[in-house]
Amino acid sequence: MNAFALTRALTGIGVAAFILLPVASVLISAGNASPEVLLSYEVLAAVKLSLLTATLSTLLIVIIGTPVAYHLARSDSALRRFLEVALNLPMVLPPAVAGIALLAAFGREGILGKYLASIGIALPFTTAAVVIAQTFVALPLYVRSARAGFASVSRTFEGASYTLGASEFTTFLKVSLPLARSAILAGVIMSWARAMGEFGATIMFAGNFVGRTQTMPLAVYSALQVSVEKALVIAALLILISFLILFAFEAIPKRRYADA
Amino acid sequence: MRFLSVLLLVALTAGCTSGGDGITVFAAASLTEAFQELAQEFEAQHGIKVELNFAGSNTLRVQIEQGAYADIFASANEEHMCALLRQGYVDESIAFAKNRLVIVVPESNPANIKNVEDLRGDVKLVIANEAVPAGKYAIEALFNLEALYGAGFAEEVLSRVVSQEDSVKGVLSKVALGEADAGFVYATDALAARGKVRVIELPPEANVSPRYYVGVLSHSKNKELAQEFINFLLSSRGREILQKHGFEVGQ
């Protein structure tokens, strides 16, 4: 083995250790925790709330993100360029900025929020605020993936569908959507994972209340201020969920027919 | 490559500046304004740097237990100081100030709260987490109020809580922003945010009397200077500054 290959191998081992050691440390330390911690009210409430809100926001993301992704893949209008920039913004915004931005817009004294408040809708401190925060940060991940999926569907197939008399919508539903399904599925998993991990925007916009707005990442943060043990247990659960996400990702069938 | 290594070197050494000519003070969030002023004068007097870290006393305690370096710990209650004394992180501590709890509402007072009993209505109330001294005191005060407003008052008001913040400053900002209708904070915090919040005093017989404790950490590398800071805090000038920010100090 030459020096270059050796360096590469050693760096690889070092990088793997750098990533795996902290993760393994959480699992090992959490293993010493008593089972009552796992079954405590706060932990169960956080798990339930996180699963619920991440799933709701992912559903919302698929509903509003799919048409946008298709439009991005098929159009070349000025609107497309504008959408492109707007959609990339949440990915580069620091989460704390996203939080204060949501407050400035939808808070009770916010630009839009004050009108909502005048008709009796107050978003901050509600579970809905958690879903909004998660949707805000995770939407771009789904749209990017789905858009790449739609873009890789050859227009020949869509063209064939049109010639056979199918409408644009039917073609989208019966041809484009099924052919892009791997990328769509990958987008769903990625945005769900991002929603599960959302912290900064949630704590600022939705507050921190057990059972209503305290998702798992917020529970880790709050628990650390009282008992390290409880924080480790919730962190370990989040790590296990992350592994499940990775397995789900691997299980996505590879695309076969998308290229003509 | 050279640029990268220089960057790395800077990043690695940046964290090591404390411990030399200066002291690090971990202080309860409610002490923010008072300690900033104290530190500034102390710095000018001694020509050294005072690094301040403010958070809920419970957070600071966990940070110290997890190995964070500090020369001084100032707690908003006895509990967290005692825990560190018991474990040997602090050798001795002294009480140096008192505070009281008040209710704050946004200047616009959206829920139209005029007195303590109005908290029973449809109100978005924010308090500090019950692990934070300010949160614990708020719950204590609510139960004290049952003597005036009847049994069940505390439960009723606590059901209006929409968020439990990790420090009293978090409560203050949620109210000052107008997102919450009311919050329990220290009188000193309300004073620091005058103009943005309105104060509703609690009946004195139901109020709590939070006591602040300060001590030098046993692992401090600069115990003399740390002790001098505490002496300054207890001096007449130190007490004057604390009083200016609304704290009660002994005679």
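Let's start with chain B. It splits into two domains. Domain 1 covers 2-98 + 211-244, and domain 2 covers 101-206. Keep in mind that this is a predicted model.

How far apart are the centres of domain 1 of chain B and domain 2 of chain B? Over C-alpha atoms, 28 Å separate them. The two domains do touch. On the domain 1 side of chain B, 12 residues are in contact with 13 residues of domain 2 of chain B.

Which helices supply that domain 1 side? Helix H2 (32-46) and helix H3 (57-65) of chain B each give at least two residues. H3(B) has the largest share, with 3 residues. Domain 1 of chain B brings 4 nonpolar, 7 polar and 1 charged residues to its contact with domain 2 of chain B.

Next, the two chains together. Here 14 residues of chain A are in contact with 15 residues of chain B. What classes of residue sit on the chain A side? There are 7 nonpolar, 5 polar and 2 charged residues there.

Now into chain A, to a pair of helices. Take H3(A), residues 41-74, and H13(A), residues 228-251. Their axes come within 11 Å and cross at roughly 25°. Angles under 35 degrees count as roughly parallel, so H3(A) and H13(A) are roughly parallel to each other. The crossing of H3(A) past H13(A) is right-handed.

Who makes the contact? From H3(A), the residues are Val43(A), Ala46(A) and Val47(A). From H13(A), they are Lys230(A), Val233(A), Ile234(A) and Leu237(A). By class, this contact has 6 nonpolar residues, no polar ones and 1 charged.

Let's finish on one residue of that contact, Val47(A). You will find Val47(A) in helix H3 of chain A. Which residues does Val47(A) contact, leaving aside its neighbours within four places in sequence? They are Met216(A) and Leu237(A). Look at the Leu237(A) pairing. Val47(A) and Leu237(A) are 190 residues apart in sequence. In space, C-alpha to C-alpha, they are 8.6 Å apart.

Why does Val47(A) count as partly exposed? Val47(A) has 18 C-beta neighbours inside 10 Å. Buried needs 20 or more, and exposed needs 12 or fewer. Val47(A) falls in between, so partly exposed is the label.

Definitions and conventions. Residues are numbered from 1 along each chain as its sequence is written. Chains are lettered from A and ligands numbered from 1 in the order in which they are written. This is a predicted model: local features need pLDDT of at least 70, side-chain atom pairs count only at pLDDT 80 or more; totals for chains, interfaces and linings use all residues. Two residues are in contact if their C-beta atoms, placed from the backbone, lie within 7 Å. Ala, Val, Leu, Ile, Met, Phe, Trp, Tyr, Cys and Pro count as nonpolar, Asp, Glu, Lys and Arg as charged, and the others, Gly among them, as polar. Domain bounds come from an automatic or database domain assignment. Helices (H or I, at least four residues) and strands (E, at least two) are DSSP runs, numbered from the N terminus. Axes are lines fitted to C-alpha atoms, for helices over the stretch in contact, and angles run from 0 to 180 degrees between N-to-C directions. Angles under 35 degrees count as roughly parallel, over 145 as roughly antiparallel, 65 to 115 as roughly perpendicular and the rest as oblique. A crossing is left-handed if the near helix is turned anticlockwise from the far one by less than a right angle, and right-handed if clockwise.
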